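Work through these two exercises with the model open beside you. Try each task before you read its solution.

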Amino acid sequence: MKPPRRARHLSDLAPAALGPVVARQGFASSEIVARWEMIAGPELAAVTVPVKIVAPRRGAAADPAAPPEPSTLLVRVEGAFALELQHRAAELLERVNAHLGWACVGALKLRQGPVAGFRRAPRPAPP
């Protein structure tokens, strides 16, 4: 007889489900996407969304003992807030690197456009 199945936390299931999708976009894990509001802050998270991380190519002659070159974070931003984000780029890079635990991201690339299509609309609270 099988033991009864217990309910599992969504946080246990999300990495396995999101892992391949986020890996194609350059994210080592879904942490940056899942915790973007905490990383960027509510003000910036409302008008931005991380798209992908682009790592520089390592040539065949690259020294394996040398630290890796920093990656570039591609962020989609609402058009009117691009200038604001450009001014706060250093702050955002510092927050992303602090979340990752090392200086992984060294540059920020901005793509202007609507953010609403990249984010699901929040569901209304049940009555």
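Buried means under 20% relative accessible area, exposed over 50%, and partly exposed in between (1.4 Å probe, protein chains only). This is a predicted model: local features need pLDDT of at least 70, side-chain atom pairs count only at pLDDT 80 or more, and totals for chains, interfaces and linings use all residues. Residues are numbered from 1 along each chain as its sequence is written, and side-chain values use heavy atoms, with hydrogens and water left out.

**Exercise 1.** Classify Arg88 by accessibility, then find its salt-bridge partners (a salt bridge is a side-chain nitrogen of Lys or Arg within 4 Å of a carboxyl oxygen of Asp or Glu).

*Solution.* 
Step 1. Arg88 has 18% relative accessibility, so it counts as buried.
Step 2. Arg88 pairs with Glu43 at 2.7 Å, N to O. Glu43, at 55%, is exposed.
Step 3. Glu91 also bridges to Arg88, at 3.2 Å. Glu91 is partly exposed at 30%.
Step 4. Glu84 and Arg88 have their closest N and O atoms 3.5 Å apart. Glu84 is partly exposed at 35%.

**Exercise 2.** Name the residues that touch the most other members of the largest nonpolar core (buried Ala, Val, Leu, Ile, Met, Phe, Trp, Tyr and Cys residues joined through side-chain atoms within 4.5 Å).

*Solution.* 
Step 1. The core has 19 residues.
Step 2. Those touching the most other members are Trp36, Leu73, Leu85, Leu92, Val96, Val105 and Leu108.
Step 3. Check Leu92. Beyond its neighbours within four places in sequence, Leu92 is in contact (heavy atoms within 4.5 Å) with Trp36, Ala40, Leu85 and Leu108.
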